[in-house]
Amino acid sequence: MTLRCRDVPMLPGLDAIRLRGGESAADNPVRWPYVAENRSFKSWVKGGELVFVTGISRHRSPQNLAECLYEGKECNVSGLVVLTGDAYIGQLPNTLCRLADELAIPLFEQPYSLPMAEVTEAIGRAIVWSEHTSVHQLDHDALANSVELLDSWIACRGNQSAMADALGCHRNTVRNRMNQLTGSSPDQSKQTDPFKTLLLAHLLLKP
């Protein structure tokens with residue numbers, strides 16, 4: 001399962017990011033986020049990056065933003081995210097959105113009120129998770145139904161008696177649920193890959 005451009009606004013806490021152009025290429029895979037501070041970023045990317053343009057350290061005119069799109073296409077980046085707000089880049093010109101459509105490069109708009117640290121962390125987590133689950137198929141239903149149990153396992157360091165107390169249930173109930181997640185292995189020291197995959201996904205996707 002690869003993280004793609006269209007998935008970014010659906011990540012926890014990133015729903016304020018909007019796709020404004022280049023929707024035809026929204027399935028571009030995202031290799032890593034990169035925050036561009038220089039006028040040109042082609043010397044700093046390898047391809048597949050989701051490039052963020054803030055305008056904080058360098059004024060970004062509509063012409064320069066268009067140059068960023070052309071440069072991004074040339075460098076084969078995944079997409080471009082422009083931060084907008086009253087302080088720096090006020091809004092995305094419609095001409096820029098149309099250019100993104102013509103070049104087939106995803107163009108996103110992100111409000112300055114959304115902290116970059118939260119954005120890059122959410123994307124980084126999702127990328128690590130997607131790389132892991134590309135090897136180990138993730139059972140999404142098992143993950144959704146096991147959030148409380150996994151939180152308890154982490155807090156109690158795998159101690160099933162303590163987990164039973166925390167969850168308000170019998171120890172046998174905890175044992176049975178854990179056996180389901182660990183491939184029905186009663187030995188906690190031999191937990192199987194499905195459990196490890198669920199635990200890693202749970203940690204990476206927590207908002």
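**Close-up 1. Arg31 and Glu49 meet through their side chains in a salt bridge, with 2.5 Å from N to O.** A salt bridge here is a side-chain nitrogen of Lys or Arg within 4 Å of a carboxyl oxygen of Asp or Glu. The pair links distant parts of the chain, 18 residues apart, with Arg31 in the loop between strand 1 and strand 2 and Glu49 in strand 3 (residues 49–53); strands are DSSP runs of E with at least two residues, helices are runs of H or I with at least four, and both are numbered from the N terminus. Glu49 is buried at 5% relative accessibility, whereas Arg31 is partly exposed at 40% (buried means under 20% relative accessible area, exposed over 50%, partly exposed in between, with a 1.4 Å probe and protein chains only). The model is predicted, so local features need pLDDT of at least 70 and side-chain atom pairs count only at pLDDT 80 or more, while totals for chains, interfaces and linings use all residues. Residues are numbered from 1 along each chain as its sequence is written, and side-chain values use heavy atoms, leaving out hydrogens and water.

**Close-up 2. Glu109 and Arg20 form a salt bridge of 2.5 Å, N to O.** Because Glu109 lies in strand 5 (residues 107–111) and Arg20 in strand 1, the pair ties together parts that are 89 residues apart in sequence. Glu109 is buried, with a relative accessible area of 10%, and Arg20 is partly exposed at 26%.

**Close-up 3. Helix 5 meets helix 6.** On the helix 5 side, Glu148, Leu149, Ser152 and Trp153 are in contact, meaning heavy atoms within 4.5 Å, with Met163, Ala166 and Leu167 in helix 6.
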